Amino acid sequence: MIKIDNLTVRFGPGQRPVVRDVSFAIEKGTAFGLVGESGCGKSTVLRALSGLNANYDGRIELHGETLNQQRSRPFFRRVQMVFQDPYGSLHPRKTIRSQLKEPLRNQGLDTNSVDMNAVLRSVGLDPALSYRFPHQLSGGQRQRVAIARALMLDPDVLLLDEPTSALDVSVQAEILNLLQDLRTNRGLTYLLVSHDLAVVSHMCSRVAIMEAGEIVEQVDVGALRKGAVEHPYSQRLLRASSLYGRA
Amino acid sequence: MTISSEHADSVNTGGLRNWLLAPEPRGWFQSSAQQIHQGWRKFSLHPLGLAGLAIIVVLIVVALAAPLLTSYDPIVQDMAGRLAPPSASHWLGTDNFGRDVFSRVIYGARTTLYIIMLVTVIVAPLGLLIGTVSGYFGGIVDEVLMRVTDIFLSFPGLVLALGFAAALGPGITNAIIAISLTAWPPIARLARAETLSLRKADYIAAVRLQGATSIAIITRHILPMCIPSVIVRVTLNMAGIIITAAGLGFLGLGAQPPWPEWGSMAASGREFMLDSPWVIAAPGIAIALVSLAFNLVGDALRDVLDPRGSE
Amino acid sequence: MMDLIDIQNLEIAFGGGQVRAVRGVSFSLGQEKLGIVGESGSGKSTVGRAIMKLLPPTAIVNAERMRFRDVDLLKATEKTMMTIRGRRIGLILQDPKYSLNPVMRIGEQIAETYRFHHPRTSRAKTWQQALDMLEAVQIRDPERVARLYPHEISGGMGQRAMIAMMLIAEPEVLIADEPTSALDVTVRLEILALLDELVLRRNLGLIFISHDLNLIRNFCDRVLIMYAGRVVEVLEARDLDKARHPYTQGLLASLPTIEDPPARLPILKRDPAWLEEFALEPAR
């Protein structure tokens, strides 16, 4: 479904690359995890893929078709993103309903063509919340709205940038379950970026570990769970994260 | 959920209150009304702001109801009764042409209101437009627009207004244009600063990822976020606008005589300041009071609309 | 008095009494590592700040007892608190970006803290104290780091500098509010190991406030679970698996793990009864 070849991103000419020669492939209908600590470049990869950052070298393919660096409008009907901070990804002064209609508006579609109540219910929200503003919702509710918004254009791919890092543990569980259900029910493909190995291990079938802009290792999640990683950084990361596992 | 223990005076007010406080608004109108209601509740926690608002409301009422409040014509002269001190028949005395000062102050309120409204209507949209476009696009657009802004900013307001008024000729319309030309740069700067930080927000990125055009993003997403701080800034600048207008009037470049305008009234009252102080005091106090009122309202508005440290 | 801190029935309300952020919280702190765990809105940070009397003046604080050693914190004047804050009780916050002065060099900030508690010490001596402290928090090149500004060092080093600044006054109690939440996983472990060693060596009492249950269970000796302003359970960290309160059990169950993730994470169902019950103490 998605294929990335030799992706390199630099912020400004002559600067050290923030992402260097990254290559991986994601099969349709699966969830792929990109793990690493802060500054490793995982979010930058996501932004390059999403079209937010058009300055990259390398090739990005979607369903066999190589993408131009400047994405076209139809692209956004196939790939959408869910951001990390539920407090920052919704417009503070627009109602929930208005923000859900926005994708339709921007694509020139009829805003009355979609049943808003059904959309809200599909992410576990009460339709009575339609006319509330973001500051009147909890963090978990906002993230659900963000997911609903991403799904408005019926995309094939969801890019998830640390979707639960800013949420409480119990809320995280609900959102992760929701994301699982949506993926299975709609046949979506996920690229999940996270610093939390436990979340990635729970959600993804394949994982790439990044350090300082490069992918140091790619493994199937089964190997990750057994601790069968080879690169020393992967081992360090796994060891540090495992110390948080059940005693 | 327990209902708050407010007394419902009648079925109507109880219903309205519940409608305004309902946790789940059922339509866009109810939702917006609730937000305005919340804003009003916050505003009414500021006694000084309320006082300022009261003064402004009085200004508007007085300006609109001028003929009802006084039977004297503000323009008709009466040389026999010139420079009469305040009395039962002339509440604020008469000026050097025998005109009732109270009437002139009240009719002068119309002039002040006219100036304020027109300047706001010109300056706010112009500043917002230039600021948001400059901040969003950056690059050469930003450079050019900001250098133009800098040029206008580099002149002291009154001097620039004077220059324009002198070039365009005296008269109230030209005075308004002159004041507007000096008042827009700070608004543009403010809108640009807001836009610069807003454009990095995730919710703007989300809209870009929906394929929105730049114009759509600026008008539908960035502008609504800039408007509150612009409202606050314009309100706070209002005092300066009123005083600049008064200054132009004082120098004979504003509303032309005999039409009453507080600044020119103060100018003509100068000569008689020691013997007949009411001629200059009345318009002077009016100017000071209205400027103060706008400052107080602006401060309170800032706490309501633009709270930086409250969330 | 064995306990360093003794709190009985602490009640904190905001907004003129409308919002009860902390309801009837009681606990004591000895020379141990006590963890306070809760989600956002549980009141855990408010408790930490209440001990240092760092709450806004509009906060209404009541308690049967709130003592630090022999000081009655409830009745303490601002003057008394100033001798306690930073000197006898230290506070480490989450993000060194916001708690370090951005326009002062690291070494200067630490030296300034030392000078504040030991006035009339020579410049040379305070600078040396700062360097010694940087070394004690395992910064490898203290002379170089002391001359850097906060924006020039990493998050992990910033937290170490923060800890150095707090420890140089030789406090008896340390309150750490999410000190490692802003740090990467590998750095987190190093900072925790550092805190562990310092607490042991200097006989400190440590209150560790966090939302991260896994972190606390592995690091602290005892754990307080807070929910909606109340303490719902108190137990030894090693006994967390035997937690009896449904909220604690629910929290533990909803954590994803690397090794053995269930297909669906169990959802925590919040029982309104939890808002009123008393805390579950460990069975004696």
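This is a predicted model: local features need pLDDT of at least 70, side-chain atom pairs count only at pLDDT 80 or more; totals for chains, interfaces and linings use all residues.

Colleague: Which residues of chain B does UniProt annotate as "transmembrane region"?

Modeller: The record, an unreviewed entry, gives that label to residues 48-69, 113-137, 158-183, 235-256 and 276-298 of chain B. An annotation can then be held against the model. Residues 48-69 of chain B are 95% helix and 0% strand, with 27 Å between the end C-alpha atoms. For residues 276-298 of chain B, the figures are 91% helix and 0% strand, and the end C-alpha atoms lie 35 Å apart.

Colleague: Which residues of chain B does UniProt list for "domain: ABC transmembrane type-1"?

Modeller: That annotation, also from an unreviewed entry, lists residues 109-298 of chain B. In the model, this stretch is 82% helix and 0% strand, and its end C-alpha atoms are 20 Å apart.

Colleague: Now for packing. At what angle do helix α3 and helix α12 of chain B cross?

Modeller: For a pair of helices, look at the angle, the distance between the axes and the handedness. The axes of α3 (residues 47-64) and α12 (residues 278-305) of chain B come within 7 Å and cross at roughly 135°. That angle makes α3(B) oblique to α12(B). The crossing is left-handed. On the α3(B) side, the contact residues include Leu48(B), Gly49(B), Ile55(B) and Leu59(B), and α12(B) contributes, among them, Leu289(B), Phe294(B) and Asp299(B). Sorted by class, this contact has 13 nonpolar, two polar and one charged residues.

Colleague: Let me try chain A. Are helix α2 and helix α4 of chain A roughly parallel or roughly perpendicular to each other?

Modeller: Start from the numbers again. Helix α2 (residues 96-106) and helix α4 (residues 139-151) of chain A pack at an angle of about 25°, with their axes 8 Å apart. Angles under 35 degrees count as roughly parallel, and α2(A) and α4(A) are therefore roughly parallel to each other. Here the crossing is right-handed. Ile96(A), Gln99(A), Leu100(A) and Pro103(A) of α2(A) meet Val145(A), Ala148(A) and Arg149(A) of α4(A). The residues of this contact divide into five nonpolar, one polar and one charged.

Colleague: And the sheet in chain A: in what order do its strands run?

Modeller: Here is the general idea. Strands of a sheet pair through backbone hydrogen bonds, either parallel or antiparallel. In chain A, six strands form an open sheet of mixed pairing, in the order β6-β7-β8-β3-β9-β10. β6 (79-82) and β10 (214-220) of chain A stand at the edges with a single partner strand each, so one side of each has no neighbour in the sheet. From one strand to the next, the twist averages 20°.

Colleague: In what sense do β6(A) and β7 of chain A pair?

Modeller: β6(A) pairs with β7 (residues 157-161) of chain A in the parallel sense, over four bridges. To find one of the bridges, go to Gln80(A), whose partner in β7(A) is Leu158(A).

Colleague: Last, the interfaces. Which chains share the most contacts?

Modeller: Of the two pairs of chains in contact, chains A and C share the most. That contact joins 27 residues of chain A to 25 residues of chain C. On the chain A side, α5 (169-186), α6 (197-203), α7 (221-226) and α8 (232-242) each supply at least two residues, and α5(A) gives the most, with six. By class, this side of chain A has 12 nonpolar, nine polar and six charged residues.

Colleague: How far apart are the nearest C-alpha atoms of chain B and chain C?

Modeller: They are 12 Å apart, and chain B and chain C do not touch.

Key:
Residues are numbered from 1 along each chain as its sequence is written. Chains are lettered from A and ligands numbered from 1 in the order in which they are written. UniProt positions are given in the numbering used here, feature names are shortened, and annotations may be inferred rather than shown by experiment. Two residues are in contact if their C-beta atoms, placed from the backbone, lie within 7 Å. Two strands pair if DSSP finds at least two bridges between them. Axes are lines fitted to C-alpha atoms, for helices over the stretch in contact, and angles run from 0 to 180 degrees between N-to-C directions. Angles under 35 degrees count as roughly parallel, over 145 as roughly antiparallel, 65 to 115 as roughly perpendicular and the rest as oblique. A crossing is left-handed if the near helix is turned anticlockwise from the far one by less than a right angle, and right-handed if clockwise. Ala, Val, Leu, Ile, Met, Phe, Trp, Tyr, Cys and Pro count as nonpolar, Asp, Glu, Lys and Arg as charged, and the others, Gly among them, as polar.
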